[in-house]
Amino acid sequence: MAKEMLLPKDPRYLKYPLDAPFDKEKARWIAFNCSRCSVCKWVNSWQVKSARYARICPQHTRYLYDSHSGQGKCDLALAIIDGKMKWDDDPEIKDILFRCTMCGGCDAMDKNIRDAELVKLYRWMRSEYIKAMGPLPEHKNLIDSLKQYDNVWLQPRSKRNAWAQDLKNLGIKDLNKEKADVLLFVGCTYGLSQELKPTILNIAKILKQNKVDFGILGDKELCCGSPPDKIGLLDEFERLATANVKRFNELGISTLITPCAGCYGTIRVEYDELPVKKQFEVLHVSEYLDRLVADKKINYQREVPLTVTWHDPCHMGRMGRPYVPGKDLEGVYDEPRRILKSIPGVELVEMERIREYAWCCGGGGGAFTGFKDFAQWTARERLTEAKDTGADILVTSCPWCESNLRAGGIGMDEKMEIRNLFDLMMQAL
Amino acid sequence: MAKKNTQNNERHQQILQAFQAALGIENVKDNPATMNAYFGDWLPPKLLGMSMPPEFVVLPSSTLEVQAVIKICNRFKVPFIPVGSNQWSLTGSPNRQGTVIIDCKRMGKIHEIDEKNMYAVIEPLVTLAQLQAEAYKRGLYIGSPEASATASAIAGHCFQGMWGVGYRLGVAYRNILGIEWVLPNGEILRTGSFAQDAHNGFWGEGPGPDLRGMLRGYAGAMGGFGMVTKMAVKLHPYPGPKTWPVKGTIPNQISVLPEDRFKWYIIKYDSLEGAINFMYEIGKAEIAGVVQKWPTVYYIWWWANSNEQYWTEWQKRTFQDNVKNAVGVCLWGFTSAKQLEYEKRVLEDIIKETGGKPIKQEVFDLWVPRTANNWIRDTHGSRMMRPSGTFLALRLQTDTLKYSIDHVRQGYAWVEKFSPPILDCDGPDWIGGYDFGHFGFGETDFPVEKRADDIGDLMNKLLAMTKEDVQNGLENGVGPFLGGPYHQMAAPVFNYENLLKSIKKAIDPNFVSNPPHNIDPNA
């Protein structure tokens, strides 16, 4: 008779508890199973192309101590959960938790060797920290703004629609009043930033030129909930996200498109945690336009003779799909590259760390608003890597990446121009 | 935590100030949250309370700063542990109050890669993956252990170095050349050609006795003999591409090296004896770049991309029924594609003569692209932990290939005896062939469930295993005896106790260099 197999007693070793609620028990499971293998600190070794660009974690690279890494955060979670430390034992706990861009680099590398969700662990830790210690003073403006104005930029709601006034003659639909197939979800930053306003105008023009049946929510649009989600204000995230999904479902749209990587990752992935379910497809604008490019519907008129490099925003890439253990960490990697290659005259050259191995711009996880020094240091690392490709410009499609990379570049000896993908596209149309 | 009390202690403040004066305030930490990240490991000691947080973590940036730190440790008689990349922290977990971790995060330079003379000069943080990447660009290579390339290349060269390509280029510790090294008493020692010229490390021997043996032994000195701050390591000619070929997305990446220069075979035998005979014959013919007899569990540890896939395939016996007694061989066309063609013909003759059979093609196709090249450049090594939270190893032993058979068979018996807590693993019997089959390395690795409530019982059983392991080491082969407790047991038996204690006393008079590693001179 065949001997009975000796399998683990704990069923979580047989199958990762993906669907279990993310509570203290799940947090402990992830932290407990950290073996200190350190893959969270480095680019997956098959992908390391040079000694210079071998690191994946901005926080660990900047602050050096192991406490400031995925491994260190697992150690901290375990100590807190097991009662060996308290949140107020050490003021540095705040830095360990929040001087992190939540970029998911560690998380992606870790997923090669074990089933775990490190970024979700950090989010849970941030939430628990805030419950015990209160919100961070560094995030006060952001939080006040969300509560008062439903956006992150301390701007009145009425300003949210200001960009569209320039396009009145285009006849963009107001989905509060009429129906359309596609909702263009603009996001707080593209909607309210003067610096980034040309991009959203260009996107609307490209969509119109291609007769896409789309509309906007104008001043009724709320924040997607990404910033409160990343900084641990989970109640605030739930409030915004729930209101959004209900509203989007009511619109009867087939597709929501957004140019913001943060909004995209949040609506596409994080909204899956809500009791109310999405009844529409979620695409980044680059995914939507890539389909038009593939169908040869985009008629370029001009050459753009530039050598460009593409920066993968974390929330379009490795954080842009729900996690399924064992399945590819897919994301929006190929679509923007195909668009770039479709633009006459553009030559794409790649940085060493791309796709799921991309180095973060530094602007995520509340770092852009709360810890500018760290955010901009991280950006400079990326800009140096971009410069090393020989590219004329760096192209991306995330307002946080654009803004933070520009801020990081100030004062650098070698300048690198930052452009949005859709602005470059428009230049050729 | 205990740290809170020590921070206010006057002696603690004196040590803190001394470190800060030597390194700068930002490069010294003593706060609980930082200390908490420096005593975890993959073994059970942390869970059982056998390790504890350090009192300080310091980040020197140069040999002189390391020297200053070690001198301060001697002045205050506090123990220090030098760590490399601190991966897995095998012996880097403090077990004494007041420990100082010397973390080399600011020592990550590759000083030089001399292409013509084929060596690199590196600092302790440089990982095997980094050095490999730079070597490949220059048509050169080093190996990496199958777990893992994120380890410090210096530490990796001192510790075992039983990497896949060791069959061809020698185990890693034989590739050490010049060393710059701060002894436990704070003296700086330069060996090999570094002794004449601190910028030239191409030669390893002398002057005088070859002191490299102190560091490498078989499993390194475990931080018991100070800290290496710079090392020259040998590189080897490489016929592969300048950038490692990899396709796909995590966790399903595949790597296929150019087929005109690299060719994998996995050949199965009816018995372990048959498999080992095959390894001998390959060595005699002086062909191949990698020759390994992996245990069943290795195939699936490195291959499975989720816990569910691991245990599903294990219960389906996908690997148990197909790779038992199989040998993995990678032929390398070092000089040309013609060489590979020649080696293929030789290998195919050997397979015929020894009665080997290729494993099923579907299993080969399933396994090789995702996994095989891990033995040339590791990326999946830490998957060993996935199925049960941790794994353990016993019976790490060097012997001839022939006697490695007995060695791993004894391992089977011990695994059987202690199952559970050891989980199903189909007789773990790794035998690596090295130096063209001159010797073999046997290891018994198995999954155990990382359960806090079972861990005490498990540790008792492991201690029993260890005792048997040491006793067995007297009969067959030479074991590595990993650091303090092992040397303590083994040194009297192998009659190196006095020698090792004398050296330790001479260079570590205050017994501060990662005690009790590598031996306690007063025990």
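B:Lys293 stands opposite B:Ile431, a residue of strand E17 of chain B. The model in which this pairing occurs is predicted.

Strand E13 of chain B (residues 290-293) pairs with E17(B) in the antiparallel sense over 2 bridges. E17(B) also pairs with strand E18 of chain B (residues 439-449), again in the antiparallel sense, over 5 bridges. E17(B) and E18(B) form a hairpin with 4 residues between the strands, in which B:Asp435 adopts a positive phi near 50°.

| Strand pair | Sense | Bridges |
|---|---|---|
| E13(B) and E17(B) | antiparallel | 2 bridges |
| E17(B) and E18(B) | antiparallel | 5 bridges |
| E4(A) and E5(A) | parallel | 4 bridges |

**Helix H10 of chain B**

Helix H10 of chain B (residues 296-303) is largely enclosed by the rest of the structure, because 8 of its 8 residues are buried. These residues are B:Thr296, B:Val297, B:Tyr298, B:Tyr299, B:Ile300, B:Trp301, B:Trp302 and B:Trp303. Their cover includes the strands E17 and E18 of chain B, together with helices H11 (307-316), H12 (320-323) and H14 (361-371) of chain B.

**Domains of chain B**

Chain B is divided into domain 1 (2-103), domain 2 (110-237), domain 3 (262-473) and domain 4 (483-523). The C-alpha centres of domain 2 and domain 4 of chain B lie 23 Å apart. Contact between these two domains of chain B involves 10 residues of domain 2 and 11 residues of domain 4. On the domain 2 side, the touching residues comprise 6 nonpolar, 4 polar and no charged residues.

**Contact between the chains**

Chain B contributes 66 residues to the contact, and chain A contributes 54 residues. On the chain B side, helix H3 (32-35), helix H5 (128-137), H11 and strand E16 (389-399) each supply at least two residues. The largest share, 5 residues, comes from H11(B). By class, the residues of chain B that touch chain A are 23 nonpolar, 29 polar and 14 charged.

**Chain A**

Chain A contains 20 helices and 9 strands. Its radius of gyration is 22 Å, close to the 22 Å given by the globule rule for 429 residues, so chain A is as compact as a globular protein of that length. The C-alpha trace of chain A spans about 70 × 60 × 45 Å along its principal axes. Of the 429 residues of chain A, 56% count as buried. Among contacts in chain A between residues at least 6 apart in sequence, 78% join residues at least 24 apart.

Strands E4 (residues 255-258) and E5 (residues 281-284) of chain A pair in the parallel sense. Within this pair A:Ile257 is set opposite A:Leu283 of E5(A). From E4(A) the chain passes through helix H14 of chain A (residues 261-268) to E5(A), in a right-handed β-α-β crossover.

Key
Residues are numbered from 1 along each chain as its sequence is written. Chains are lettered from A and ligands numbered from 1 in the order in which they are written. This is a predicted model: local features need pLDDT of at least 70, side-chain atom pairs count only at pLDDT 80 or more; totals for chains, interfaces and linings use all residues. Two strands pair if DSSP finds at least two bridges between them. A crossover is right-handed if, with the strands pointing away from the viewer, the path from the first strand over the helix to the second runs clockwise. The radius of gyration is taken over C-alpha atoms; the globule rule is 2.2 Å times the number of residues to the power 0.38. A residue is buried if 20 or more other C-beta atoms lie within 10 Å of its own, exposed if 12 or fewer, and partly exposed in between; C-beta atoms are placed from the backbone. Two residues are in contact if their C-beta atoms, placed from the backbone, lie within 7 Å. Ala, Val, Leu, Ile, Met, Phe, Trp, Tyr, Cys and Pro count as nonpolar, Asp, Glu, Lys and Arg as charged, and the others, Gly among them, as polar. Domain bounds come from an automatic or database domain assignment.
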